[in-house]
Amino acid sequence: METLKQFTITLEKKIKNAIESGDVFHANEIEANLLLGAVLIMMIIISIICLVLNELGIFTADKTIMRYTIVAAVIVQTPIMLLNQKYHGEPKWMKGLLEWGLLAVCGLLYSTLGHNATLVFVIPIILSIRYCDKKFTRTIAVATIFIFLLATLGNAYFGILNLNMYKLGSGTTLTITESLRQSVIDSGIDNKAYFKSLVVNDFIPKLLVYSIIGFSSIKIAERGRNMTELQHEVTSKASRIETELNLATEIQAGMLPCIFPAFPDHGELELFASNTPAKEVGGDFYDYFKIDDNHVAIVMADVSGKGVGAALFMTISKILIKNQLMVSKSPALALTESNRQLCENNEAGLFVTTWAGVYDISTGILTYTNAGHNPPLIHHKDGECEYLKGINGLVLAGMEGIHYSESQVSLKKGDEIFLYTDGVTEATSIHQELYGEERLIECFKDHLENTVKDQVTAVLDDINVFIEGAEQFDDITMLGMKVQ
């Protein structure tokens with residue numbers, strides 16, 4: 001037989017395979033069969049202990065009968081237990097074999113120990129609940145009552161019961177210290193009175209108890225099945241949603257340009273960007289692309305809200321802004337037209353803060369428009385580092401009929417512009433403190449001599465140090481461009 005470790009590993013694999021195949025109740029049966037197998041092992045141990053106690057005289061059952069019944073119980077249980085371990089509880093017929101074997105053992109123990117072993121008949125009914133099958137539980141409940149009846153009649157006929165203060169007839173009390181049937185015979189009590197008392201005082205009360213337990217168990221088993229089905233349905237839906245979100249994450253990540261160096265044919269520009277969504281999909285996006293050989297566009301935007309809705313709005317916004325920039329080469333015109341289109345049928349009330357710029361490589365002029373976005377950082381070669389101010393317009397999709405204005409700044413060799421979303425400055429520590437603009441500019445200044453990629457990485461690392469493991473509530477997106 002397998003070692004316990006190997007057996008456990010094999011069992012876990014079988015249960016996992018059953019769940020993955022969608023047969024969740026088969027997986028449940030495997031676990032239930034193993035539970036019954038463990039109970040069978042316990043019953044073997046208890047049976048042997050009972051035999052030893054009887055041999056020592058602590059129990060007063062007939063020793064010959066006790067030996068036969070205990071040996072029979074062990075013989076019944078052992079092959080069933082070994083089969084269950086061999087097949088890892090997997091075959092569907094195992095549950096019937098286990099339950100019926102357990103019932104047989106209960107009958108044998110009751111026949112031996114009598115009144116003291118009445119409660120063993122509760123075990124098969126209770127364990128049948130684990131299968132979440134009300135028909136199976138009903139069958140076991142009926143079979144339990146039937147076998148209890150046979151065992152009771154067997155006790156009555158063969159005199160195996162050992163009872164104290166057993167009342168027979170009107171006012172007659174019989175104290176029994178040996179075989180019940182022999183005591184009844186020796187006392188001269190009428191057999192009819194004996195059997196009537198046995199049925200009224202022993203079988204009927206226990207029959208009622210087992211019926212109540214059986215009925216309750218059937219309801220619990222039915223409820224368990226309904227809950228298992230509901231849980232499986234919820235888990236399946238959650239799994240599908242997770243799969244779809246993972247796919248959405250891949251698609252969204254694929255929409256953001258991530259090839260660096262960004263413009264291999266323009267060595268005079270060094271550019272790097274990163275995006276860290278707070279959820280599987282986010283609303284932040286950046287973009288960079290060549291409009292023509294002399295003009296390069298850079299965009300940073302943040303859609304209100306999070307999740308799938310924001311991601312869809314982000315996709316539409318990114319496409320519109322890029323198309324308009326490609327056509328007009330003007331950030332102001334591009335955002336004006338994008339705003340008009342985004343306002344159409346925007347019943348969800350979403351909006352997007354946007355910063356868009358077009359850099360003229362030949363003149364070094366960066367023309368930009370800000371639609372409610374965080375002002376970027378700009379570092380000049382002379383050492384000056386500041387937030388780039390300009391005309392700040394309303395967010396895109398915030399109001400129809402908005403016309404945006406442009407500002408310009410001259411970028412010389414060594415100058416750099418750093419774009420980011422509010423997920424950077426509003427990153428919150430475990431002490432409920434904001435990362436803030438001051439810390440951002442200090443971190444930026446500390447890494448001015450680094451490559452743009454190293455600068456972006458340094459800011460992200462500094463944010464992680466600052467928040468000290470606190471949950472990320474907003475997307476963190478950054479883009480840096482330096483003139484070489």
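**View 1. Strand 5 and strand 6 pair in the antiparallel sense through 9 bridges.** The model is predicted: local features require pLDDT of at least 70 and side-chain atom pairs count only at pLDDT 80 or more, while totals for chains, interfaces and linings use all residues. Residues are numbered from 1 along each chain as its sequence is written, and side-chain values use heavy atoms, with hydrogens and water left out. Strands (E, at least two residues) and helices (H or I, at least four residues) are DSSP runs numbered from the N terminus, and two strands pair if DSSP finds at least two bridges between them. Val303 has Val352 in strand 6 as its bridge partner.

**View 2. A hairpin is formed by strand 6 and strand 7.** These strands run antiparallel and are joined by 7 bridges, strand 7 comprising residues 365-371. Asp360 stands opposite Ile365 in strand 7. Between the two strands lie 4 residues, and Gly364 in the turn has a positive phi of about 80 degrees.

**View 3. Strand 4 joins strand 5 through a hairpin of 2 residues.** The two strands are antiparallel and share 8 bridges. Strand 4, residues 284-292, is mostly covered, with 7 of its 9 residues buried. Asp287 faces Val299 in strand 5.

**View 4. Ile298 and Leu479 touch the most other members of the largest nonpolar core, which holds 50 residues.** A nonpolar core is a set of buried Ala, Val, Leu, Ile, Met, Phe, Trp, Tyr and Cys residues joined through side-chain atoms within 4.5 Å. The largest contribution to this core comes from strand 5 (residues 295-303), with 7 residues. Apart from this core lies another, of 33 residues, including Met43, Val122, Ile140 and Ile147. Contact means heavy atoms within 4.5 Å; leaving aside neighbours within four places in sequence, the contacts of Leu479 include Leu271, Phe272, Tyr286, Ile298, Met300, Ile417 and Leu419.

**View 5. An open sheet of 5 strands has the order 3-13-12-8-9, with antiparallel pairing.** Strand 3 (269-276) and strand 9 (385-387) stand at the edges with a single partner strand each, so one side of each has no neighbour in the sheet. Direction ignored, neighbouring strands of this sheet are turned by 15 degrees against each other on average. Strand 3 pairs with strand 13 (residues 476-483) in the antiparallel sense over 8 bridges, and Leu269 is opposite Val483 in strand 13. Axes are lines fitted to C-alpha atoms, for helices over the stretch in contact, and angles run from 0 to 180 degrees between N-to-C directions. Helix 13 lies across strand 3, strand 12 and strand 13, at about 150 degrees to strand 13. Helix 12 lies across strand 8 (377-379), strand 9 and strand 12 (416-420), at about 150 degrees to strand 9.

**View 6. Glu416 is a residue of strand 12.** Glu416 counts as buried because its relative accessibility is 0%. Its C-alpha atom is separated by 4.1 Å from that of Lys482, 66 residues apart along the chain. Not counting residues up to four places away in sequence, Glu416 touches residues including Leu377, His379, Phe444, Gln455, Gly480 and Lys482.

**View 7. Asp462 lies in helix 13, residues 452-467.** Its relative accessibility is 18%, and Asp462 therefore counts as buried. Beyond its neighbours within four places in sequence, Asp462 is in contact with Tyr435, Arg439 and Cys443.

**View 8. Lys329 lies in the loop between helix 9 (307-328) and helix 10 (331-343).** Most residues other than glycine have a negative phi. The phi of Lys329, a residue other than glycine, is positive, near 60 degrees. Lys329 counts as partly exposed because its relative accessibility is 39%.

How values were computed: Buried < 20%, exposed > 50% of the residue type's maximum accessible area, 1.4 Å probe, protein only.
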